[in-house]
Amino acid sequence: MYLQKMFTCSRLLARPNALQTFRRAASQGKNPSSFPFLTLHAVRQWSNVPFFTVPLARAHGKSFAHRSELRQAKRIVVKLGSAVVTRGDECGLALGRLASIVEQVAVLQNQGREMMIVTSGAVAFGKQRLRHEILLSQSVRQALHSGQNQLKDMALPVLEARACAAAGQSGLMALYEAMFTQYSTCTAQILVTNLDFHDDQKRRNLNSTLHELLRMNIVPIINTNDAVVPPPEPNSDLQGVISIKDNDSLAARLAVEMRADLLIALSDVEGLYDSPPGSDDAKLLDTFYPGDQHSITYGTKSRVGIGGMEAKVKAALWALQGGTSVVIANGTHPKVTGHVITDIVEGKKLGTFFSEVKPAGPTVEQQTEMARSAGRTLASLEPEQRSDIICAFADLLTERKGEILSANKKDMEHAASTGRLSPALLNRLSLSSSKLNSLSIGLRQIAVSSQDSVGRVLRRTRVANNLELEQITVPIGVLLVIFESRPDCLPQVSALAIASGNALLLKGGKEAANTNRIMHELAQEALSIHGVKDAIQLVSTREEVEDLCRLEKMIDLIIPRGSSQLVRDIQRAAKGIPVLGHSEGICHVYVDHEASIDKAIKIIRDSKCDYPAACNAMETLLVHRDLLRTPVFDQIIDMLRTEHVKIHAGPKFASYLTFSPSEVKSLRTEYGDLECCIEVVDSMQEAVDHIHKYGSSHTDVIVTENEETAEQFLQQLDSACVFWNASSRFADGYRFGLGAEVGISTARIHARGPVGLEGLLTTKWVLRGEGHTAADFSEQGTMTYLHENLPVAQLLPGRRTTS
């Protein structure tokens, strides 16, 4: 408790006169926790950065095994390479980049972490100052003796690095001081050499100084004393100790000496590659393990600085062995520089993470490559073979029903014990024997429809004599489906992927881990019939959804199945990958003044009460004004009350009532439960306008006996699904006869509404000629275009193509 108080108090020592007050009071024997200005309330008012504390430092000695654990890092060393700190011309500092880094370090410091910076830049800053002085001196002399016309011929002498460092160190520190002051953070400069670590007394002094600075909430800024440091000697490392040759080795040595939890080394490369960056086959390594040194080839060092990637890896491995986790990342990229440090601490996939613990299974990148390779084989199978796989999967769902329900029971019991899932999500998580039977039937429907899916000819054109063009269906490629609390999604999506010849990457919620695992095993068992087991992969590692959405070079389409918040998060994260889905299911039922009361009550009950958590459930009931205070409206309200539906009044509806239900906070609300909004409209046109303004273009219904009114509603409303005298719950792939669906899309291109097999296909053009060239059709050519439409016929065996 005292440590926590001391830690909270020390954050305030950067305030004017706070340090002096602290020391004076402490010398008088006062308890630091009694100081009036050292309170949490004062901290919140004083700091301009949101304040919260992280847990006290963990027991040091073992590095973090996974990126997600980096959030626990308490003591962090940030190493800024020369390429990060300096400008492209190597004369002067990259001020914008440096300001962004300072802000991130200050934010982490004010979260309660202990931050240290190992920085380069003194030489570059000094070079800028010395060049300016030399130019000024030369221009004055030559102006006096030679005239202005010779100024342009002045040549700058070669500047010695130590002199530049001596001239730049004070200016660099002054710049850091000014920047950190903007965040009420105090800094201190420490210059070291290799000898400071070899001398035991000096090393103890350095260690004591750094601990004292951290205790007082000061950010130490450390650099090699380049003004006096001798040139590095090759192979000068002592047994088990790294020699200080550059700032990489300095940062590593410092991190281990100070028992830091994390070392972030920023340079001008994305991280560690398996071959020199820029080469065609170079792949960024997300995680690097100590035994993988043989698998990489080093390129040249960065444009500035005395280290290179080999030096960085050597320093990182030494720090890792000493118990400090390491991430090497790009600190110069304009799109990520503003949050690269904080993102790394949050566990996001940036750069290369060094870990001593190698996972038992393949990485997600390896899983994606395995799926793509097997998916291409799957697409090349005969339609009957893909159908066999789906039918085998359907059989396994019923034959192994006991295993599935047993696994699902474990998930349900765990979810109930934790209390983290709402009743609606618990309902989605639950499986039953009847659900499995329905899934099996749906899979068989998909098996039948898959017979003519891949390789179907959509268009044939005779471009010219003996030159024929075909447009045929092909798989999209690799699909990533992310789903929450709905294990029944796994077999549906798997069957559709198999039928369409697509590779599939599945990421389910941890609340359904046991059920998903057994379902995936059954899917792979069915795929093994024709040797394509790896075409469907279940991501069971601790990958964050946001990290999966960054695999734009490996994944072709993302399909989210879950809450509107999940869909929105994925749409924001997946900047380079198309996302198929809808973020909200705000479905409306409009009851016209010419509606049948029996039909209206039946449709409203089913739309709202059949499955309130579904995305196609009614959320807003629109009622024609003429139905108010009539038996029709009273029966509707009585039915909703009988079904225990909580009613929220829209603004217009509330104005008609003396005592109204709770007024709705927003007309654009998806309740996902036994709740709905009731609003009044004056006409069918006003209902359409209301839906266009507040709806989500999902599914909307009109209940009326007037055919003309109904047709106008169906034509004017711009939603993915529009129904007349039918429940909104029909917006479903199975009910549409698609067998199953991967989701419902409200997008304007590719696929819309319930997306079944057809929505998972794209097309390609196949042209067959006999030595034709474009020049043959020029003015001097001998051929002319025909562009004749030909009858569409199925491809002959052996002519099927894949993506």
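The model is predicted, so local features need pLDDT of at least 70 and side-chain atom pairs 80 or more, while totals for chains, interfaces and linings use all residues. Residues are numbered from 1 along each chain as its sequence is written, and side-chain values use heavy atoms, without hydrogens and water.

Colleague: How many aromatic pairs does a search of the whole structure find?

Modeller: Rings of Phe, Tyr and Trp (its six-membered ring) pair if their centres lie within 6.5 Å. Planes under 30 degrees apart count as stacked, over 60 as edge-to-face and the rest as tilted. The search of the whole structure finds five.

Colleague: Which parts does the pair of Y590 and F713 tie together?

Modeller: Y590 and F713 are stacked, 6.4 Å centre to centre with 20° between the planes. Helices (H or I, at least four residues) and strands (E, at least two) are DSSP runs, numbered from the N terminus. The pair ties together parts 123 residues apart in sequence, because the two residues lie in strand β15 (residues 587-591) and helix α26 (residues 707-716).

Colleague: Is F713 buried or exposed?

Modeller: Buried means under 20% relative accessible area, exposed over 50%, partly exposed in between (1.4 Å probe, protein chains only). The relative accessible area of F713 is 0%, so F713 is buried.

Colleague: How do the axes of α14 and α17 run, roughly parallel or roughly antiparallel?

Modeller: Axes are lines fitted to C-alpha atoms, for helices over the stretch in contact, and angles run from 0 to 180 degrees between N-to-C directions. Those of α14 (residues 383-399) and α17 (residues 433-449) come within 9 Å and cross at roughly 170°. Angles under 35 degrees count as roughly parallel, over 145 as roughly antiparallel, 65 to 115 as roughly perpendicular and the rest as oblique. Therefore α14 and α17 are roughly antiparallel.
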